[in-house]
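Subject: Structure for you to look at

Hello,

Here is the structure I promised. Please open it alongside these notes.

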Amino acid sequence: MGSQGGFYQSKEFLDLVKSIGEARSKAEEDRIVLGEIDTLKRRISEPDIPKRKMKEYIIRLVYVEMLGHDASFGYIHAVKMTHDDSLLVKRTGYLAVTLFLNEDHDLIILIVNTIQKDLKSDNYLVVCAALNAVCKLINEETIPAVLPQVVELLAHPKEAVRKKAIMALHRFYQKSPSSVSHLVSNFRKRLCDNDPGVMGATLCPLFDLITIDVNSYKDLVISFVSILKQVAERRLPKAYDYHQMPAPFIQIKLLKILALLGSGDKQASENMYTVVGDIFRKCDSSSNIGNAVLYECICCVSSIYPNPKLLESAADAISRFLKSDSHNLKYMGIDALGRLIKISPEIAEQHQLAVIDCLEDPDDTLKRKTFELLYKMTKSTNVEVIVDRMIDYMISINDNHFKTEIASRCVELAEQFAPSNQWFIQTMNKVFEHAGDLVNIKVAHNLMRLIAEGFGEDDDTADSQLRSSAVDSYLHILGEPKLPSVFLQVICWVLGEYGTADGKYSASFITGKLCDVAEAYSNDETVKAYAVTALMKIYAFEIAAGSKVDMLPECQSLMEEFLASHSTDLQQRAYELQAVIGLDAHAVESIMPSDASCEDIEVDKALSFLNGYIQDSIEKGAQPYIPESERSGMLNISKFRNQDHHEASSHGLRFEAYELPKQTVQSRIPPASLASTELVPVPEPMYARESYPTTTVSSASSDAGSTELKLRLDGVQKKWGRQTHSPATSTSSTTSQKTVNGITQVDGSNTSNSRTRETYESRKQQVEITPEKQKLAASLFGGSSKTEKKPATGHKISKSSSYMVEKSHVPKSSMEIASEKKAPIQQPPDLLDFGEPTIQSNAPSIDPFKELEGLLEPTTEVASAKNHSSTAAATKSPDIMGLYTDTPAGIHNKDDSDILSGLSNPPVTHMLDGTTRTQVAQSSKGPNLKDSLQKDALVRQMGVTPSSPNPILFKDLLG
Amino acid sequence: MIKAVMVMNTQGKTRLAKFYEYLPVEKQQELIRGVFAVLCSRAENVSNFIDAESIFGLDSRLVYKHFATLYFVFVFDSSENELAVLDLIQVFVETLDRCFKNVCELDVVFNYSKVHTILDVMIFGGQVVETSSSEIMKAVEEISKLEAASNSIALIPKSASGWRSR
């Protein structure tokens, strides 16, 4: 142990580290550390500690804090150490403060001065230490204090200092771009630094700057390209070589920058082609760092304006990555593939087996990356398989963060590509069942809206089928224990709206189920509220249909419970339910119409339904209502009032309620003022009610001039300290009472009327359309927002594809029968699609093939549907093999064996290999191409435009 | 940029933790624990990359490498290349090895501030500034030489080779 001591540790520190190392539990460790903290607290505040001792204490403090304990009592000592003259002590002080403090800490103010001084030091190490602290501890406010010195240091003779000064400037830029915006040109200048290290460091800030604003750096393309060229040609000092690669980290940074600059810019990209091509050739793919550069090249190639030759090199590199045994390289390969398929979708298909291998891999990171790739290449043809896989995986993991992500992706894909309504509902059910509490509540609302609005524009039967199937599945799912709250809300809502709609289930059955839900999840108020509202709807529909409503006993007891609930929301709902049940059929039908959740509710803002009542009142002598805008002379006042209101809200001490009652008292004293009542809006209903009795009598006869009234009001205003037209001495505020009289009445009817409306609106609000939802809906029902990425969105497409799938069902089943006859040993019908039963029976472990086949299924089926050959199995095999032959390059016969030999089961491989070859021959002659052309025509007829010019629909699977 | 560098042993004891964005101590500990929990669950022969978004928030990846009893962990965002960071860890460890001759866990524990010095030469404010092991060594040696010279009371051997031989 003695030899490990090195440096400046004392025996004590060694013992501390040792005892912590030997601690058997966290509690024991904590005890030791707390003891240490006590010791340090005592020692550190002793006077006249030798510097060396002090330094060790600080190091021990850092150590203690690293173990997660509070060392703030010693911060001030660390700050003091930065003032020290000795370099060693000073550096330790800086190290400690950068680890201890953040830029907003109170002690920073004590350090800024020291930093300023140290930045001017002759000793470059002092400067470096200060720059380190600058990076970590200077905030927006203190930047100006050190900025001049830092800028000066950009020209420091030591490259290490220049490098750090550049980075410090970059840090300032990150913290507050405006404070250093005039110094940005310095980054460009430093790019030409003599020292390659400084140049390399400058690339970091430039990368950030270019990310923010590409266009102002286009002029640097040539410089970057020439630097990269020089680096690749080994013009840099040997010291920058790493594992025989010339300055690979600089190359990577440069490639990243070029990728940004060349994105969507043909001219800039053309400058890069040569050098990137060179690097592709020169890269040593046997070392890790070589592959890192290769990967960066692929990223660059997939980002800049496409060049066929480079894309080819990139594809080669990817296939090398994917074939590698290293998980790291596979990971990078999958990632790179995800980037490249955006440009050349066809390259994915040669790697499908590798992709499936990665999906099956025990390495979680790799699996996730592969799911990301699958997500990127989902089409309407493969959505079922991919989403099923995703859901299976989602169920298997515990990581909530990733679960949420996968769930939302499933939802997204399902909404975009759902081949059928049935499938969509089932998928959503699965997602909700297993990750219900993790998905966004909007997803649930969206699902409800979808079920309510239906898929088809005019196809009512399809919609009602959708709803019945939803109801069926929900009733089934309700049997499961412990469903997520969000899912239950959806279930309750759907059961309420459509539970009895198709007549399959009786109202008492549905209400029974709803009561069960409310009882089983009795601590979830939201679910209970949904359940009560659903019950109300069911009963309302029953009443509207004219049948007699018998409330189930459990429902009655539930209602009794809710009527006394602590939740006002539940209480209100329960009372509403009670009230609705008491109404007659006609009334119920108008407040609770069946399947009207998507109807627009017209709000009668003019309150025209009150016309009769008003007419009556006017006939009886009431004053007609004068709209505020038409009241002569009222405009200014109302303006003032508005201002006053603003004022009040800003000052916070002016409350109308305090002022007005005073006036009522006044007004009540002189009864004479009663004569001058008028219609004037008064915002205080309380006050109005108070004075109501005194005013009503005279209200009818009052026709006092509005000027008078105005004056009075001015008086009121003045009380508020606001200067108005003329001072009025009037005492009366009865004026306003009258108005209030009229207004409160209107208000009253207004609210009572909106009561019923509100219930609707609140229901409606639950499925309110937010922008996100609209976007989702748009992608679901046509106008897709993601067209370029996923051209196959939209309702029509999913319809057509579901049609195709349906169509293909018949031949599939017949084919299954056929092949079953051929190979009775074979149990799972899925595998039979292979067409060569012997292989499967020999090789039960070739899972990847099953997977592949799963991915292929939809289209192969379609293809075989069109293919009227005698035995389905025979037609099937060429289709699968067609996948290999359809790839553009001629290497594929060879590639087949390569890919296949990558499989774990050698004997099977051989066999397959044999069959492959024969079948390749078959398929090249076979009707495959013609088929797919026909199918393409069919697809076009249905209004779908394939994304690629190539009509072969296998492309849609993995490309 | 690089968000954090951590070194921990296979029992989960932190040996070095450096965060390039300020985080309160409790948060740091929480993250370290989170990282260790994930590292523990990783099998042998799997990739060195972990999607760290569930621990560190959006846009964060994690690369780790296992040497003897230590995990070296770098957390960074999408502006870095995973394979390159893996090599950065390699550079870091190679430098430590040059510095301490057959570096082992105890070297890292006892020469805590030295390890920080090395890291500070390599990574500055979250950006990788030096990737050549020999350059790092040169800088570190120079620092210790000057430190020794400026510190009259220090009883330190004057060259890197003598650091451990007291």
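How many contacts beyond four places in sequence does the model have for residues 938-959 of chain A? There are 51, and pLDDT stays under 50 over that stretch. pLDDT is the predictor's confidence in each residue, from 0 to 100; contact means heavy atoms within 4.5 Å. Residues 772-927 of chain A also stay under 50, with 220 such contacts. Where pLDDT is low, the predicted coordinates should not be read in detail. Chain A averages 71, and 64% of its residues score at least 70.

Ground rules. This is a predicted model: local features need pLDDT of at least 70, side-chain atom pairs count only at 80 or more, and totals for chains, interfaces and linings use all residues. Residues are numbered from 1 along each chain as written, chains are lettered from A and ligands numbered from 1 in written order, and side-chain values use heavy atoms, without hydrogens or water.

Now chain B. Strand β5 (residues 70-76; strands are DSSP E runs of at least two residues) has seven of its seven residues buried (under 20% relative accessible area, 1.4 Å probe, protein chains only). L70(B), F72(B), F74(B) and F76(B) cover one side; Y71(B), V73(B) and V75(B) take the other. In a regular strand the side chains alternate between the two faces of the sheet.

β5(B) pairs antiparallel with β1 (residues 2-9) over seven bridges (pairing needs at least two DSSP bridges). There, V5(B) stands opposite F74(B). Seven bridges also join β5(B) to antiparallel β4 (residues 61-67), where F67(B) faces L70(B).

Best wishes

Notes. Buried < 20%, exposed > 50% of the residue type's maximum accessible area, 1.4 Å probe, protein only. Helix = DSSP H or I, 4+ residues; strand = E, 2+ residues; numbered from the N terminus.
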